[in-house]
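Dear colleague,

I am passing on a structure for you to look through, together with some notes on what was found in it. Please keep it open while you read, so that each point can be followed in the view.

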Amino acid sequence: MALVTTSKARRVRYAFTGDSAVELQRHIYDARKAAHRERKVRDALAELPADASEAVRKETASVVRELWDASPLPPAWVPLTDCSAHDGATVATLRPLSWAEDQMSRDLKAIEQMRSVVGHGLVAIDDDEAKARAFCDDPPAPLFTPLYHAIVELTWGNPQA
């Protein structure tokens, strides 16, 4: 296996699952749904008092799993390779951050950190770099945070459903 010595050269095309033209492959959808559900279970269990009984923990986990099984998966930016359909969808070209870019972003306040990550990681929208710059200048709220998470995931390889 050859090592990639620069992250900036790697480009990946992503689509937003909130777009009606985007459909995830079934196994990808199921895996993302399960990961999201289990993260919600962990969050709920972490909120319980430290002395909560095992019965309360099991009941809480069961209720949360049931709730999230019935809920739709939150929209996210996903690689086109995870999609079974995306014709007509807006496509963002992303790149992972270098270690230095990531570390510099971490010292910033939350909004500046997110703007820095997206500013570095968003290369183009529909193959147009000017559209990417315009997005960064005035990002639509429902797309911005999921895009930030997609770039962090691409940078560090830790999937977040």
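The notes below take up a sheet, a helix and a pair of rings in turn.

Please bear in mind throughout that this is a predicted model. In it, 4 strands form an open sheet in the order E3-E1-E5-E6, and their pairing is antiparallel. The edge strands of this sheet are E3 and strand E6 (122–125), each of which pairs on one side only. If you compare the directions of neighbouring strands, you will find that they are turned by 35 degrees against each other on average, direction ignored.

Strand E5, which covers residues 91–94, pairs with E6 in the antiparallel sense over 3 bridges, and Ala92 stands opposite Ile125 in E6. Helix H6, made of residues 141–156, packs on the sheet and touches E1, E3, E5 and E6, while the direction of H6 makes about 145 degrees with that of E1.

The structure also holds 1 aromatic pair. The ring centres of Phe16 and Trp77 are 5.4 Å apart and the ring planes stand at 45 degrees, so the pair is tilted, because only planes under 30 degrees apart count as stacked and those over 60 as edge-to-face. Since Phe16 belongs to strand E1 (residues 12–16) and Trp77 to strand E3 (residues 77–79), the pair ties together parts that are 61 residues apart in sequence. Are these two residues, Phe16 and Trp77, buried or exposed? Both Phe16 and Trp77 are buried.

Terms used. Residues are numbered from 1 along each chain as its sequence is written. This is a predicted model: local features need pLDDT of at least 70, side-chain atom pairs count only at pLDDT 80 or more; totals for chains, interfaces and linings use all residues. Side-chain values use heavy atoms; hydrogens and water are left out. Rings of Phe, Tyr and Trp (its six-membered ring) pair if their centres lie within 6.5 Å; planes under 30 degrees apart count as stacked, over 60 as edge-to-face and the rest as tilted. Helices (H or I, at least four residues) and strands (E, at least two) are DSSP runs, numbered from the N terminus. Buried means under 20% relative accessible area, exposed over 50%, partly exposed in between (1.4 Å probe, protein chains only). Two strands pair if DSSP finds at least two bridges between them. Axes are lines fitted to C-alpha atoms, for helices over the stretch in contact, and angles run from 0 to 180 degrees between N-to-C directions. Contact means heavy atoms within 4.5 Å.
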